[in-house]
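Here is a colleague's note to read beside the model. Keep the sequence and the 3D view open as you go through the points.

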Amino acid sequence: MSTASRPTADQVWQWLAEVEDPEIPVISIVDLGIVREVRWHGEDDEAECVVALTPTYSGCPATHVIEQSVRQALRAHGLPRVRTLTRISPPWTTDWMSDEGKRKLREYGIAPPVGSASAQFIPVADIGRGGRPASSGLPDCPRCGSGDVALTSQFGSTPCKALYRCKACLEPFDHFKCH
Amino acid sequence: MRDEKLEFLFRLGDTALVLSQRLTEWVGKGPALEEDMALANTALDLIGQARLWLAYAGEIEGRGRTEDDLAYLRDAHEFRNVLLVEQPNGDYADTLMRQFLFDSWHLLLLDGLAASADERIAAIADKARKEVTYHLRRSADLVVRLGDGTPESHRRMQRALDDLWMFTGELFEADEVEQAVEAQGIARGVAQLREAWLAQLQGTLVAATLVLPPLDAWMQRGGKQGRHSEHMGFLLAEMQFMQRAYPGLQW
């Protein structure tokens, strides 16, 4: 592929915005904030498209599937040479999730992260003192919108989620944790 | 010459891996569905961290061993995990107390490593400590709820604390490996973590109405040097069975 005819990085970003997260297929990997960089490396036939990805959690089993999906999607758009890189620093945070991604999560029935992850950092000295967790940062029910919710389980069906229930409409729901 | 950084990476990776293996033994038989999921998710975070540490160890070692080779094809005396994490799950009080004692130490350790002179170590620690903060929130919360719960749950939590106490000394033991990595700016000295750890522990134990065991109690040691308890062989037999029986098997 000649340097002049290859697609721009912006175009590649648009294609990646169509690659679904395998665990939550309603949002794309770009919405999730795990695509950190797209660039070209080398010239002409040697040129490869390099995509840097940041895994959400260290043990997330979707990481490998996502790399494969990226290569597959870009090959389908005619890019013969694609290389994915894993970049763990700076660590992924839900602050990188797009507003569009949060809206799609809510529509899908998953309460999106609330507020900024850094603002919710609990000082270690305050952990395990028997106090009740602060009520700020609680999600709203994605079905009825009520703020009257309660935590059922700190861990849910994937590492990135916790399980809540709505005390107004009585439905259980997943909450994408602030991280 | 022994590579102290490599030795240190084995300690980090093996400790995360072995505790992960212990926690997965609960999967499918946790006392409640929420607890089952919590242990499985904690185990998943730890195995992800173990993979990052051991992959780096394999690269430094330079013998072409991957993180899988290191996890599945080493024998007990080659493992460098602390003794605390290989202790059997016991009852739920034992499992939770082990987790709390570990999490509170682990977070302090990772906070220090996030400022490591080694960029790769700093990056892994910075990522891992976000996960471990969440682990500690849960384990500390449950220690308080069960310690300050029924007479039966209180009795079991105190017994678990007393039983596990002798395995906590090793966490702060600075041998020549730890001294060398501290001198190289790779890690903060583990002995320096003890004061902060005790303060963390005290706060939670007071809220949990539990009594801290004597600070000068006799302490067991040896895991970091590869001398393990009798439980280690059984743990590895289960974890490594597949690769031992069918070498190179993939699926």
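1. Start with burial. A residue is buried under 20% relative accessible area, exposed over 50%, and partly exposed in between (1.4 Å probe, protein chains only). By that rule Pro142(A) counts as buried, because its relative accessibility is 15%. Cys141(A) is buried too, with a relative accessible area of 3%.

2. A word on the ground rules. This is a predicted model: local features need pLDDT of at least 70, side-chain atom pairs count only at pLDDT 80 or more, and totals for chains, interfaces and linings use all residues. Residues are numbered from 1 along each chain as its sequence is written, chains are lettered from A and ligands numbered from 1 in the order in which they are written, and side-chain values use heavy atoms, with hydrogens and water left out.

3. Chain A as a whole. Its secondary structure comes to four helices and seven strands. Helices (H or I, at least four residues) and strands (E, at least two) are DSSP runs, numbered from the N terminus. Along the sequence the pattern reads α-α-β-β-α-β-α-β-β-β-β. The C-alpha trace of chain A spans about 60 × 35 × 25 Å along its principal axes. Chain A has 179 residues, and 46% of them are buried.

4. The loop between S4 and S5 of chain A. Strand S4 covers 110–111 and strand S5 covers 149–153, with Pro142(A) in the loop between them. Cys141(A) lies in the loop between S4 and S5 as well. For Cys141(A) and Pro25(A), the sequence gap is 116 residues and the C-alpha to C-alpha distance is 20 Å.

5. A cis peptide bond. Most residues other than glycine have a negative phi, and most peptide bonds are trans. Check the bond from Ser89(A) to Pro90(A): it is cis, with omega near -5°. Pro90(A) is found in the loop between strand S3 (82–86) and helix H4 (99–108) of chain A.

6. Positive phi values. Asp44(A) is not a glycine, yet its phi is positive, about 50°. Asp44(A) sits in the loop between strand S1 (35–41) and strand S2 (48–53) of chain A. Thr209(B) lies in the loop between helix H9 (193–207) and helix H10 (231–245) of chain B. Are these residues buried or partly exposed? Asp44(A) counts as partly exposed, at 40% relative accessibility. Thr209(B) counts as partly exposed, at 40%.

7. Arg103(A) in helix H4. Arg103(A) is found in helix H4 of chain A. It counts as partly exposed because its relative accessibility is 35%. A polar contact of 2.6 Å joins the side chains of Arg103(A) and Glu107(A). Such a contact is a pair of N or O atoms within 3.5 Å; within protein, one must be able to donate a hydrogen and the other to accept it, and residues adjacent in sequence count only if both atoms are side-chain atoms. Arg103(A) and Val12(A) are 91 residues apart in sequence and 23 Å apart in space, C-alpha to C-alpha.

8. Helix H1 of chain B. H1(B) has 21 residues. Its first and last C-alpha atoms are 30 Å apart, close to the 30 Å expected at 1.5 Å a residue. The expected span is 1.5 Å times one less than the number of residues. H1(B) is mostly covered, with 19 of its 21 residues buried. At its start, a side-chain oxygen of Asp3(B) reaches to within 3.0 Å of the backbone nitrogen of Lys5(B).

9. H1 against H2 in chain B. Two packed helices are described by the angle between their axes and the distance between the axes. The axes of H1 (residues 4–24) and H2 (residues 33–61) of chain B come within 8 Å and cross at roughly 155°. That makes H1(B) roughly antiparallel to H2(B). Axes are lines fitted to C-alpha atoms, for helices over the stretch in contact, and angles run from 0 to 180 degrees between N-to-C directions. Angles under 35 degrees count as roughly parallel, over 145 as roughly antiparallel, 65 to 115 as roughly perpendicular and the rest as oblique.
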